[in-house]
Amino acid sequence: MEKGKGLARRWAVELHDASSSSSSPAFPDPPGFTRSAPEADDAASARQRKETEAAWKGQKAWEVAQAPFKNLMMMGFMMWMAGSTVHLFSIGIVFSALWQPFNALRSVGKVFEPFKDPRVDTLAPKLLFTALNLAAMGLGVWKLNTLGLLPTNASDWVSSLSPAREVEYAGGGIPLM
């Protein structure tokens with residue numbers, strides 16, 4: 001005999017019996033179970049599930065929007081601990097304080113992508129997220145200023161000024177020419 005042709009496998013078992021169905025009298029419905037129209041139940045449960053999902057997405061969007069506040073507090077504490085002298089640690093902290101919000105602002109769309117839904121308004125959470133990240137960048141700029149790394153005084157720009165014009169010449173008793 002050829003392999004695989006015409007022979008039923010001895011170890012194969014048919015698990016589906018076409019003669020019995022779920023409404024068979026051999027298996028009565030459990031107590032408290034009533035059969036109803038599945039379309040109405042499915043539509044109501046689907047609508048409720050969509051409403052629940054929309055509420056969950058809105059709540060999570062607000063949680064994501066408020067997350068930079070925790071980072072803001074932590075970064076402020078780290079800047080305070082770094083002190084007001086210029087050294088490697090304080091410069092690293094300030095760089096991190098400027099870089100993290102910058103990257104977060106660049107990826108606002110990606111951050112709120114999972115919460116895209118016509119029933120969920122993400123404008124307010126996006127605005128809060130943006131405002132908190134701008135505040136974090138402002139904290140980093142303030143720390144740069146306290147370290148003296150921002151050119152805010154006139155003396156910081158002396159190298160770009162042209163030399164003062166000489167108004168007076170002084171010479172000795174000998175003529176120069």
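The side chain of lysine 143 reaches the backbone oxygen of methionine 79 at 3.0 Å, a polar contact (a pair of N or O atoms within 3.5 Å, one able to donate a hydrogen and the other to accept it; residues adjacent in sequence count only if both atoms are side-chain atoms). The model is predicted, with local features needing pLDDT of at least 70 and side-chain atom pairs pLDDT 80 or more, while totals for chains, interfaces and linings use all residues. Residues are numbered from 1 along each chain as its sequence is written, and side-chain values use heavy atoms, leaving out hydrogens and water.

Lysine 143 sits in helix 4, residues 123-146. This lysine is buried (under 20% relative accessible area, 1.4 Å probe, protein chains only). Lysine 143 has no salt bridge (a side-chain nitrogen of Lys or Arg within 4 Å of a carboxyl oxygen of Asp or Glu). Its nearest side chain of opposite charge, aspartate 156, is 17 Å away; here Lys and Arg count as positive and Asp and Glu as negative, with His and the chain ends not counted.

Turning to the whole fold, the protein chain has four helices and zero strands (DSSP runs: H or I of at least four residues for helices, E of at least two for strands, numbered from the N terminus). Of its 177 residues, 18% count as buried.

Phenylalanine 77 belongs to helix 1, residues 38-82. An unreviewed UniProt entry lists residues 77-102 as "transmembrane region", an annotation that may be inferred rather than shown by experiment. This span is 81% helix and 0% strand, and its end C-alpha atoms lie 19 Å apart.

Definitions and conventions:
Buried < 20%, exposed > 50% of the residue type's maximum accessible area, 1.4 Å probe, protein only.
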